[in-house]
Amino acid sequence: MSSELDPPQAGEAYSLYFQEEAVIRQAETMIGKLDEVSDGVRTLADAYRLGYRETARLVRISDRMQLDLHEANRTLTAQAEDLKRLNGTLRKEIERREQLEQELRRIASVDELTGTHTRRHLLELAEHEQRRSARHGKGLVVLMMDLDHFKRINDRFGHAAGDQLLRDFGALLRSSLRKGDIAGRFGGEEFLAVLPETDLDTAEAIANRLCDRVREGRTQWTGQFLSVTVSIGLAGTDGDEPLDRAISRADQALYEAKSAGRDRVLVARSGPG
Ligand SMILES: Nc1nc2c(ncn2[C@@H]2O[C@H](COP(=O)(O)OP(=O)(O)OP(=O)(O)O)[C@@H](O)[C@H]2O)c(=O)[nH]1
């Protein structure tokens, strides 16, 4: 049995109704397909919208990061400049302190007036030399020197003239001693020298030569020539004797040289040297 929807069998009259039904069915099929296509287009549009939003979000993040990076870069550059300046200032400060330290060391070790060692530095060097001599079993000689009647010079020609005499004596002392000898201002117009690896006879000859040079020397002062003499006490020591004891024996010999009439050298013969 045939239905109205079936295509006409052979011999059946071609039905208009059938044709319309076929067209409607085709149209319905096409509408279904169109719906599918529009669903796909909608899905695509949604996906595109989502992608666009994500891209825009990433672009915004990237822009912000670039701004942050730019800012960080500017801050770092400014900090690097600050550090460079700070570094320069610090280097200058270190140089200034080193110079100051050097200057302080110089002031502490060199007597400004005579150019010889200060008492403190002199004793440090002398102690060091005494220990070295003790280690090597060698002797050394201590010289105590004092300018004679110095008060009279100050009183007669003024303190500045006395200063000039002290300056000249310092120069003479430095030029009279060997390299390795230690000489300095012990106080006022009193000087101390330590001659390492020297026997008493040699030291006595050196002291006498110095005595002669001082007596013969002249200090020019405001058109006049000033002269002075020096008394010297000597003590030899074997290196085992404490330095202050050798100094005190040399001082005793100096005192005796003064008592004996000044302008002379006296040797302390009683010690270990
Ligand atoms: N111009 C000057 N005088 C000084 C300095 N230091 C000490 N004197 C002086 O040296 C003089 C030392 O005098 P005294 O101790 O009486 O000894 P002196 O006159 O040398 O006599 P004797 O040592 O006994 O020969 C004092 O007048 C001090 O003021 C100084 O740096 N410059």
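Reader: Let's start with one residue. Where is Arg262 placed?

Author: Arg262 sits in the loop between helix H6 (243-259) and strand E7 (265-268). Keep in mind that this is a predicted model.

Reader: Is Arg262 buried, partly exposed or exposed?

Author: Count neighbours. A residue is buried with 20 or more other C-beta atoms within 10 Å, and exposed with 12 or fewer. Arg262 has 14 C-beta neighbours inside 10 Å, so Arg262 counts as partly exposed.

Reader: What is the phi of Arg262?

Author: Phi of Arg262 is near 70 degrees. That is a positive value in a residue other than glycine.

Reader: Why is Thr222 called exposed?

Author: Use the count again. Thr222 is exposed because 10 other C-beta atoms lie within 10 Å.

Reader: Lys179 next. In which loop is Lys179 found, and is Lys179 buried or exposed?

Author: Lys179 is in the loop between H4 and strand E2 (182-187). Lys179 counts as exposed because it has 4 C-beta neighbours inside 10 Å. Lys179 and Leu195 are 16 residues apart in sequence. From C-alpha to C-alpha, Lys179 and Leu195 are 9.7 Å apart in space.

Reader: Now the sheet. What is the order of the strands?

Author: Five strands form an open sheet, in the order E2-E3-E1-E6-E7, and the pairing is mixed. E2 and E7 are the edge strands, each pairing on one side only. From one strand to the next, the twist averages 20 degrees.

Reader: How many bridges join E1 to E6, and how many join E1 to E3?

Author: Pairing is read from bridges: two strands pair if there are at least two bridges between them. E1 and strand E6 (residues 230-237) have eight, in the antiparallel sense. E1 and E3 also pair in the antiparallel sense, over seven bridges.

Reader: Which way do the side chains of E1 point?

Author: In a regular strand, side chains alternate between the two faces of the sheet. In E1, Leu140, Val142, Met144 and Asp146 point one way. Val141, Leu143, Met145 and Leu147 point the other way. Eight of the eight residues of E1 are buried, and the strand is mostly covered.

Reader: Which helix lies across E1?

Author: Helix H5 (residues 200-216) does. H5 also lies across strand E3 (190-196), E6 and E7, and runs at about 170 degrees to E6.

Reader: On to the ligand. Which residues come nearest?

Author: There are 16 residues around the ligand, and Asp148, Phe150, Lys151, Gly162 and Gly188 come nearest. Strand E1 (140-147), helix H3 (150-157) and helix H4 (159-176) each give two or more residues to this shell. H4 gives the most, with four. By class, the shell has four nonpolar, five polar and seven charged residues.

Reader: Last step. What domains is the chain divided into?

Author: Domain 1 (10-109) and domain 2 (119-268). The domain centres, taken over C-alpha atoms, are separated by 89 Å.

How values were computed. Residues numbered from 1 in each chain as written. Predicted model: local features only at pLDDT ≥ 70, side-chain atom pairs only at ≥ 80, totals over all residues. Near = placed C-beta within 6 Å. Nonpolar A, V, L, I, M, F, W, Y, C, P; charged D, E, K, R; others polar. Domains from an automatic or database assignment. Axes fitted to C-alpha atoms, helices over the stretch in contact; angles between N-to-C directions. Contact = placed C-beta atoms within 7 Å.
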